[in-house]
Amino acid sequence: MSQEIPESLEPAKPISAQPVQDQERIHAIDVLRGFALLGILPVNIIAFAHVEAAYQNPAIAGGFTGINFITWLLTHVIFEGKMVTLFSMLFGVGLFLQVSRVEERRGKPGSGRGLFFRRVFWLLIIGLIHAYVFWYGDILTYYALMGMLVYWFRRWKPRNQLILGLSLILLGSLILVGASLLLDFSFSYVESHPELVKETEDIRKMKENFNPTPAMVEEKSKQVRDAGFVEMLRLRAPSTAQFQIFGLLTFVLWRITGLMLCGIALYQLQAFDRSWPNQRYQRWAMIGLGLGILLTCLGIWQHLQTKEMPDMIRTMATYDYYGSLLMAAGYFAVIMLAVKQRWLPAVQSRLAAVGRMAFTNYLSQTLICTAIFHGWGLAQFGLWQRYQLFLLVIAIWCFQLFISPIWLKHFHFGPCEWVWRSLTYWKLQPMRR
């Protein structure tokens, strides 16, 4: 998806759209995308392997002591929220480049609209299949929907894109804080009015879903372990629909859209083409990582002080929310410095290969993990502790870092990228080199 716009164009000639060529790719974007994709897995692995509550409640999945606590701590500080922030910005950049490239070649604004919407339409279809057939935590559906929205702002000036993007990100935080305060009020009101039987039962179920008893966790885990592929479709559908609707209204519409816009603005400000001076990247790294780690650690301290759902949401909407944004900016700056200074070229090359096959690698992570943990596979759901899951993460990292460069030596695209491009252009794309 990442490509540079050719310097010399002949808009008078009708040029057909075609996929990005190898020589047009932007190495820094591929490296960043590969880094972000691998960093998303330590967060997602919990949702693959345990009940939904384990994602927000650190006490689930082996207990909140010893090596499991250390694993949660490192995952929370280093990965959670930071990698999806980077990935969302890069997705916005990729969409912008794809449309801009077509419009520049054809010499007509808006000429890439049809191709763009075919692209995100097929991404939406693939995302829905991924979500309802394999895993409720899919993000492709969100990206497709928000991409359709971001398209209409792609021609704005970078300054205006940044203002709108940052405003949406701030609004997302305020919405989450407002939701937590509303929950606080609802809990207090229902507790003081015992005659509200139905409302009391709803609140009780909500609290149990957030902080279930060990018996409830085991019951749900056994249900997933015992379910075959078809039965899992039935079990997954309600959770997927709830996750998508709630996530869209409280988080995705605001933060993900804002991040895409910020990514496009930064690209237009030449942040990704190594033209910024080293001192600017260094300032971003020091400020982003310094303040980001501080806010994240304050958020961890808040997590440890409370087990109540509204308080946890407020922590996520403040300390975690802004800490992850700052740390993502720091990661971006460090990697851009590494690319600019040509540090660790072999590592960069492998990360870039993972980034070029991000679609395939993202979906293959789902296939590997569901095959291990769900009932249609090895049925290990709920049985692995956090530190064991992180060992699996390292194994998947090694596999994808090893196989992606080898695949790209023989083929132009990853298999899922090839399918997506062939559907977009409605023509089978050349696969073998």
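**Confidence.** I began with pLDDT, the predictor's confidence in each residue, from 0 to 100. This is a predicted model, so I kept to its rules: local features need pLDDT of at least 70, side-chain atom pairs count only at pLDDT 80 or more, and totals for chains, interfaces and linings use all residues. Residues are numbered from 1 along each chain as its sequence is written, and side-chain values use heavy atoms, with hydrogens and water left out.

I looked up the average pLDDT of the protein chain and found 89, with 94% of the residues scoring at least 70. Helix α8 (residues 197-210) has the lowest confidence, at a mean of 74, while α14 has the highest, at 98. Helices here are DSSP runs (H or I, at least four residues), as are strands (E, at least two), numbered from the N terminus. I put a caution beside residues 1-17, where pLDDT stays under 50.

**Overall build.** How many helices and strands are there in the protein chain? I found 16 helices and zero strands. The radius of gyration is 22 Å, close to the 22 Å that the globule rule gives for 433 residues, so the protein chain is as compact as a globular protein of that length. For my own reference, this radius is taken over C-alpha atoms, and the rule is 2.2 Å times the number of residues to the power 0.38. I also noted that the C-alpha trace spans about 75 × 45 × 40 Å along its principal axes.

**Helix α10.** Next I followed α10, residues 229-268. Where does α10 bend? I found a bend of about 60 degrees at Leu-248, taken as the angle between axes fitted to the seven residues ending there and the seven starting there. Just after α10, Gln-270 takes a positive phi of about 70 degrees.

**Two residues.** Is His-374 buried or exposed? I found it buried, at a relative accessible area of 4%; buried means under 20%, exposed over 50%, and partly exposed in between (1.4 Å probe, protein chains only). His-374 lies in the loop between α14 (358-373) and α15 (386-410). Leaving out residues up to four places away in sequence, His-374 touches several others, including Phe-48, Met-232 and Arg-236, where contact means heavy atoms within 4.5 Å.

Glu-191, in helix α7 (residues 158-191), counts as exposed at 56% relative accessibility.

How values were computed
The expected span of a helix is 1.5 Å times one less than its number of residues.
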